[in-house]
Each structure stands twice: as structure tokens, then as C-alpha cells.
Amino acid sequence: MVRVRAPARRPPASPEIWGEQTDVAESADWFKSAFIAVVGSNVLMTRTPDAHFLVEVRHRGTKVVVFAPDFSQTAKVADEWVPIHAGQDTAFWLAVTHLILKDCFRDKKVPYFLDYVKRYSDVPFLVTLEPQADGSYRPGPLLRASQVASTKAEQHAEWKYFVRDEATGELCLPQGTVGHRWQDQKGQWNLKLEDARTGKPFDPTLFLTQPDAIVGVRCDDFSAGATDQASVRGVPTVRVETTSGPVLCTTGLELLMATYGVDCGHRTGRPEHDQWPSSDEDASATYTPAWQERLTGISANVVRQFATQWANTAERTEGRCSVIIGAGANHWYHNNLLYRSCIVPLVLTGCVGKNGGGWNHYVGQEKLVPQASWAPIAFALDWGGPPRLQNTPSFHYVHTDQWRYDRPFNEMCPTPDAESGAAPHRMTQGHTVDLQALAVRAGWLPCFPQFNESNFDVVARARAAGALTPDAVKAFVVEELRSRRLRFSMEDPNNPKSYPRVWYIWRGNALQASAKGHEYFLRHYLGTHDNAIADEEARGTVEDVVWHDKVELGKMDLVVDLNFRMDTSALYSDIVLPAATYYEKDDLNSTDMHSFIHPLQAAVPPCWESKSDWHIFRELAQHTSKLAERYLPDPVTDVVLTPLQHDTPAEIAQLTVKDWARGECELIPGKTMANIAVVERHYPGVYDKFVTLGRNFRDKGLAVHGCHYDVQDVHDEALATAPTREWMGVPYLSLAEPKEVCNVILAFAAETNGELAHRAYVSESKKTGIDHTHLAAADRGVRMSFDDLVSAPKRVLTTPFWTGVTTGGQTYTGFAQNVQELIPWRTQTGRQHLYLDHEVYRAYGEALPVYKPRAERAATRDLVKTKAAPGELTLNYLTPHGKWHIHSTYGDTLRMETLSRGIEPIWLNDEDAGLAGIRDNDWVEVVNDHGVVATRACVSARIPRGMCFIYHATERTIGVPKSQVRGNRRAGGHNSLTRARLKPLFMIGGYAQFTYAFNYWGPQGVNRDTFVVIKKLEKLVW
């Protein structure tokens, strides 16, 4: 079984900058903010239980500014509403940062800000500059210890980096980098401003006031959508003698100043290399307040006022400014640039890791607090492993064959032109599916099904060739891949042997609410009718992936849905297993909105034939074991490939992008490709293993984020007191009942067992060389059980597995431990990363945040075959979250339908609607090449012109008439108009924070760059 998990809503900017995925403040921490910016989030609609903090904090004098194209519920309670053009927030925040750099770093030099970025960001680190043919330079990689004679012998020298001491001008090697994290010598992974070689303190240089040279550095400009525009600006540099000769370097902050157009008076003496804005009113120069006006529709004066108030507040309060951000920003193709543009001013003004400050992304409520003890049970690591885990967008993009309707991705993603005579980087060209195949070959991302033939058949061939040991089987697989006799399924996804065949959907609406490109799911997964009319366009543009002219429709043989309601997924499933509701089962729930673990209790027994999720899976395991006694009675050997993993030494596996399939490097498992594990499976024992806790749990201990603690004694004590089951004469802790599982999770989680929190900090302290155990000292006696949580609310304990602090009543905010305890971020330099030096980021022109425009209608190819007739509207189509939709199970009950219009309408601007003769409550068809929705129009002045939206998430079960433009076939839901678009930049791996982990890293199936035609529905047919 493959567990497909969706980072589709998880922002890539969080891993990019922090090496963490959305560790954010609980909502109670909003009450400590002095200034809150709300971006792409409608808190009063989608965070109803928490919204009172946002409303009430204004009574303390906190300013709340809401950025939203529509006059949302949250805009109504704000001090200011900024009606920004949809998807153009990046331009506004780049201009804000321009002013902060100019006012607070160039002119005033605010001490608090300077001290903060020296300690907690990468801006002091030296960046090499690469000469171009025209005499200009481009930013290159960070200067590495391996390049300097005196440090090249350092262990992992390629992964250690330099800053310059302000007092002496000498190169210093800061502690805390990814190289220090994985070196043999422990105790140097910390944020102390001390040289790792000598222990000598240093003061990092930010500004090069006495440069060796001033050179013109190219600052890419994508604002017109072109790839060949740039401003060349003078940047001060120092000359560093390396083993390959002298190299010019500058600091990350000097690059920031140039990129953002902050003129510090540096001149090269060549006018063509000194292209600075003439003033903040220069609309032709990125990223001035005047420049952003034409993109955002917001006055430059508003930018000036906002930036000044933000910076003044952050200085006076030492970082109590925060951003609340959500899906409205996250679902654009260039979402990472939008997010990074918001995060940079937070870092520059010292707000991250501060109570009342920081970046707070809320999309879904998916913070799994007791992860160390939950994961071994969820993924069967207590008995074996490794598990098969798959990032959802890649899986569905490939297997629903949406790639076949796609063209080369760079039509939507401008990148810098290669230097004259140089070949463009392979990751900036070609088809997305080819780059997905490269990501699988290189071990960056997982791939399931794994090969273009059965894993068991591969092992059988290995045995026939004489491979009798696990190592021999691995060697056989390596040779088969090297010779290309064996291929990954994603290299030949339309080979029936590569198809996924059985799909269990567990309490998620995977065929509709989560299915970007819903109609393609219907066509290629199920083989049922659909309303897509787009042509296949990939033929002739794919190279690595095998093209089949004709493909089989309906890949899935069996779809099983665990559900308690007839949603769209259940409607299309072969089998629906009735699941208990939240009030009919025992379970645990934790979210990022609060710092508690919430117990779900069975107030009543499950109704009719329904069972709890755990009982359903338990019975599936039991029947599987019975069938296996007949069909698979003997152990079988499997091979499982797992990608290079975050929080392991694989973070330093790949310094450069090389493809073994092209002969550019050796094929080495765990280094240049995925890890290979040989796993013995005994299917008759599945049930017994399901209902008991395996000994791996006891013997190997538990770990998250590379931090480990032992649990042997706790396990053995539990064997004497907790429920047990015997298997083959050996007692094991019982997992037969949901409450037993909950108690095992709580007993072994550091967040609910104070002794284990202490042990985790002992482990962390060895790595950092700093004693952090005081964070757990007062709580060592705490033990939480399920009944304890039922009796009274309990806050989770402070642990190194999460970055906030709850000790002493402190409200939880992300990265507080990094700031307070000098624990590094899990990134390349161990600091917050504003400069991303991976070669692919530089090839995309995104090493620093830049503006890249929303996709033009022609580039999206949503309307190639769908043409707007006179009097019909062509609009940008969005799917925001709504109060009674995805966030309410019962949005389609009779009472809720009566309170609305009996249907989910499409919201239109009143002036746009007037042009098409559409009145409020008229029936309309919303159509593009991907599908059609038939619904009523909700005409409102709160919606800006040029856009429309249907709240996420509608169903195909209620109020769906037939479509006239699709031959009287039944119309669809909100995702019938979308399709998955993957940005290949997020496929890279094996490089510090850019390394795969469950629910952490991978491309997203973004859907806001979508266009539709709206026309009146002339005849209503049910």
C-alpha cells in the first residue's frame, strides 16, 4: 500500500527558508502582536473559533491590515483594507522591503534589526560572483570551506560556509551549518557567533565598506514576463584567494540591497552597470513603491505608510509584527515568491521566533503533535519498513495523465536567458513530466508504483540470476536500472504495468475537493464520463518519458472509500465502508491553531453498520491475513526505494545536479539515487502485527527531525500495566482498540511524557553543545493518558521536535527555540535563508525573492477550444475556502441549503455581470477546456472586476444540473475547471533543506492561474 499525502496545500517557502513545514503560532499568540497583516486568509470565515483573538487584540491598540481583492469578512473588522489585485501581493511586499532596506539598513541602521540578521539569518554569509561575457556578474554559490586552502580539509567542507569578521576582515567559519550537523564531532551545531575552528567570537560583516572592487551584478527583471531583462547594479566585493584562484564575493545583504534597488552609492564607472532607480517614484525600476502600482493597483503612498508603520512597530516592540497568510496566497503558480516576499521583511525586522511576531500560515489543521510515537504505528515501522510514502501532486499529475495535456512548463515560468553560447540549465527547459522523471531517478522524490514491472518479479529475476542475499538483490536492481532494462513507472506511466490499481480513500474527498483536474481523474482513473475537451499536447515535447499514442482509460480496478457521508468520492467509489463520526469514536486531534491535544470521545456507539476508522482497518487487516493463508502463505521478498531524506545525512548527498542515466555520475543508492531496501513480507501475519506494537519501537527508540531518544524502560514498564496481546507466545502492547492506540501514542510522545521530553533534549544538547534540558526540567514527572485529556485540557510539553516554547505559560510561536536557545534552523547555513544558492534556484532567477507575473491566459491554455462569444465573460477563476464548505461537514444539509441558495453559486462582480446580461440568481454555465459547472450567479460589488470564484468545496451530489455546452451531460464541481500545474523547481533534492520528507517537500498542484468563460444557461435541465 502506498500512503499518498498532500503537501498540495503546504507552502514551499517554509522549507525553503526554515527547513521546516509550517511550524506557526497558535492563535492565542495573535493577542501578543502589535501589528498584523492578513494576506490571502479570511480568518473570520475559515477560522471561526480563533477569530476572536484577531478582533480583540485591536482593543489593545494592535493594527490589523487586510490584503484581499474582495471585501471579505475579515476586511470588515480590519483597521485598513488594501484591495490588492488578485495574486499580485508579491509586488507590494517587494516594495515594502525596498523601503525597509533603504530606511532601516541604509539610512538609519536600526541596531535591533542589524543584530538580529547577524545572528539568525544568512545575510552575512559570503556569496561568490560569477563573471559573464559582457563583464557583468551573476550571484553564484555560497563560498565554501572546500574552496579555501586553510579549511578544505574540514569534514564536509563543501557544506560549511564563510562570513567576514567586521573587526579584522578575516574569514570566519560559523558553527551551525548543515556540514556541522552531520560531521562526526558533535557540539558545533549551534548559532553562537564563534569560529568553528578556534572558538573565537566574531562580529559578522553585513556591509562591505572597504571593498576590493565594485562590479556590476545582474538583477533579473521578470515583470514583463520576459526572460532577458535585467538591471545591472554596482555591488561591493572582496577578493578571496581560493584553491582555484581569486574569486570575488559579496555578502547576502549587499545582494539584497542591489536586488531591491536600494542605492548605497556604489558605482562601477560603467553607466550600463549602474542602473539604479532615480527615486522611489521611478516606476521603471524594480522594486520601488511606484513600480508596484501598475501591478497591484495600490498607491505608492500606501506602501510607504505601511512599511514605515511596520518597521517602527517592529523596532519599538522588538519583533511583534506578524503575517497571517493562507490559501488565497498559496495556490498561485509562483506561490513561493509571494510567500518569500512577505517573509523577508519579517526576518529583516527581527519578527520571526518572537511572541506576537512571525509568519503564520493556516491552510488545513494538520499539525500532528505526537509525531515521534505516531509515525511508527501509522507507517508500521514498529515491525518493519521502510514505508511507501508519496507526495500527492506528483502522483496525480502523472497517473491521471494530466501531463499529456501539458506543454513545456517554461511557457508559464520565465527563467533567465543563458549566457551567450551556454546551454540553458536542464531544469529550466522542457516538459514537467520529464523533470518529474529526473527527480525520481536522482532520488529527489518518491515514485509509486515503483517500476514498470512488479517488484516481486524483479526479485524473482534477481534470485534466478543468483542474487541470494539482500545486498546481492540491491546490486541486481542497481545494475538493471543502470542498463535501463528496468525503469521507474514514472518514466513509462502509460504502460499498464505502471498503473496504480487499488485506491483506498480515507476520510478525504480525494476525487473532488482535493482533485485538481477532477475531470481527468474521472477519465483516467475511473474511465467514466467526463466533461474535459482539452487536446493532448505533450507529444513531441517529452523526451525521457515514454509516449503512447493511445492509452487505456480507467486505471483503477478498485476504489474503496472510508466515509461517513455520500460525498463525491463516495459517489464514484466501488465500495464505501461506513465510518463513525467524530462523536462515535475515540481518537486524538491536534492542530497548529492551539497547543493542546484534543481527545475525541465516543459519546454514542457508531450507528448502523458504521465502525471507527481503526476498527475498519483492523478488519481489513484480519481478512487480508485470512486470504493470504490461501494465496500467499509463505514470506515474499520485496524491494522498496525511498528518496533522499530530510534530517538525515542525505541532506549533503548532491552538491550539483547530475543524472546517472546520462552517464554524468555513478549510480549510487542513497547518494545519486534513492535508497534501496530489501524487505521480507509475510502477509498471513498482517493482522497480528496490526493489533500489536512491534519490538522495533522498543529496541530502536523514537526520533523526529534527527533527534532521538530511547524508550526501552518505558516500554517494559507499560508491558506490566497496559493491555497486551500474545503472538507466538510473546507479549506485546495491544493496539486492538482505538483507545489503546491513543494511550500508546501519548505514553511515548515527548510532548505528553515529560521524561521523554527531557531525554530528547539530552540528545539535542549533544548536537548543539548547549544544555537545553532546562526546557523540560519542570515537567519530567508529567504523564498524560487519554483519560487525563478527557478530564481537563492539557497543553503539550516543550520538545525539540517543535520549535515553539510552551514552558512557563509562553504562547506557542514558531522558531522561538531557535532564537532563545541558539538551535540552528534545519537549513544549509543553519540560519533563516533569504539567499538560496542551489544551482536550479539560480537558474530560475529565484535565488533571492523576485517578482514573476501571474500566468497569462494564453500560457495557461485553459481556453484553447473554449471560445467566448460576444456578451460572454472571460474571468480569472478562484476557489477560496468557505465557512460552510470544506470547513463544515454538513454544508449540504437541508437547513444549510435553505440558509444559502440551495446550491453553491459563483460570485461575480456586478459590473462584469451587467456586461453579460447576468442578474443575481440567474443560472449560468462556467466553462473551460477542463470541464463545466452549472450554477447560479451571486452578483456582488464586493468582488473585484476580472475575477470570479466558487467556494471550495462543492459536491456532485446535490443541485448539479446538466450542461448544454457539454452535450447535456451532468455538470461538475469547483475542481472540474481546474487542473494540476507543477513547478519543477520544487522537485530538487539531496541538498540541505531541499530534501524530501513526508508532508514536507515537493511540487504543489496549484490552481489559481485559471481562466473560465461564463455564459447564461438558457435552459435548465435536471
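# Close-up views of a predicted model

**View A. Arg407 is partly exposed, with a relative accessible area of 27%.** The model shown here and in the other views is predicted. The side chain of Arg407 meets that of Glu411 in a salt bridge, with 3.0 Å from N to O. Glu411 is partly exposed too, at a relative accessible area of 37%.

**View B. Asp263 and Arg267 form a salt bridge through their side chains.** The N to O distance is 2.7 Å. Arg267 has a relative accessible area of 39%, so this residue counts as partly exposed. The pair belongs to a structure that holds 69 salt bridges.

**View C. A salt bridge joins Asp613 to Arg507.** The side chains meet at 2.8 Å, N to O. This pair links distant parts of the chain, 106 residues apart. Asp613 belongs to helix 20 (residues 613-631). Arg507 sits in the loop between strand 15 (502-506) and helix 18 (518-526). Buried or exposed: which describes Asp613? Asp613 is buried, because its relative accessible area is 5% and the cut-off for buried is under 20%. Arg507, at 24%, is partly exposed. Elsewhere, salt bridges with shared partners join Arg441, Arg484, Glu491, Asp544, Asp659 and Arg662 into one network.

**View D. Tyr841 and Phe994 make an aromatic pair.** A search of the whole structure finds 48 aromatic pairs. In this one, the ring centres of Tyr841 and Phe994 are 5.0 Å apart. Their planes stand at 35 degrees, so the pair is tilted. Tyr841 lies in helix 29 (residues 839-843). Phe994 lies in the loop between strand 32 (969-970) and strand 33 (1011-1016). The pair therefore ties together parts that are 153 residues apart in sequence. Tyr841 and Phe994 are both buried.

**View E. Trp18 and Trp825 belong to one aromatic cluster.** Trp359 returns in View G, as part of strand 13.

**View F. Two charged side chains lie over Trp rings.** Lys367 lies over the face of Trp802, at 4.8 Å from the ring centre. Arg404 lies over the face of Trp547, at 3.9 Å from the ring centre.

**View G. Strand 13 (residues 358-361) has buried residues pointing both ways.** Gly358 and Asn360 point one way from the strand. Trp359 and His361 point the other way. In a regular strand the side chains alternate between the two faces of the sheet. Strand 13 pairs with strand 12 (residues 321-325) in the parallel sense, over four bridges. Ser322 stands opposite Gly358 in strand 13.

**View H. Helix 8 (residues 252-259) is mostly covered.** How many of its eight residues are buried? Eight of the eight are. They are Gly252, Leu253, Glu254, Leu255, Leu256, Met257, Ala258 and Thr259. Just after helix 8, Gly261 takes a positive phi of about 75 degrees.

**View I. Met566, Leu571 and Val576 make a nonpolar surface patch.** The patch covers about 250 Å². Where does Met566 lie? Met566 is in the loop between strand 16 (558-563) and helix 19 (568-572). Met566 has a relative accessible area of 48%, so this residue counts as partly exposed.

**View J. Thr568 is found in helix 19 and is buried.** The relative accessibility of Thr568 is 0%, so the residue counts as buried. Thr568 and Gly973 are 405 residues apart in sequence. In space they are 9.3 Å apart, C-alpha to C-alpha.

**View K. Pro12 is set against Arg340.** Pro12 lies in the loop between strand 1 (3-5) and helix 1 (13-18). Pro12 counts as buried because its relative accessibility is 3%. Pro12 and Arg340 are 328 residues apart in sequence. Their C-alpha to C-alpha distance is 9.4 Å.

Notes:
Residues numbered from 1 in each chain as written. Predicted model: local features only at pLDDT ≥ 70, side-chain atom pairs only at ≥ 80, totals over all residues. Heavy atoms only, no water. Patch = residues over 30% accessible without salt bridge, like charges linked within 9 Å, V, L, I, M, F, W, Y side chains within 5 Å. Areas by Shrake-Rupley, 256 points an atom, 1.4 Å probe, with all protein chains shown as cover. Salt bridge = Lys/Arg side-chain N within 4 Å of Asp/Glu carboxyl O. Helix = DSSP H or I, 4+ residues; strand = E, 2+ residues; numbered from the N terminus. Buried < 20%, exposed > 50% of the residue type's maximum accessible area, 1.4 Å probe, protein only. Phe/Tyr/Trp six-rings, centres within 6.5 Å; stacked < 30°, edge-to-face > 60°. Lys NZ or Arg CZ within 6 Å of the ring centre and 35° of its normal. Pairing = 2+ DSSP bridges.
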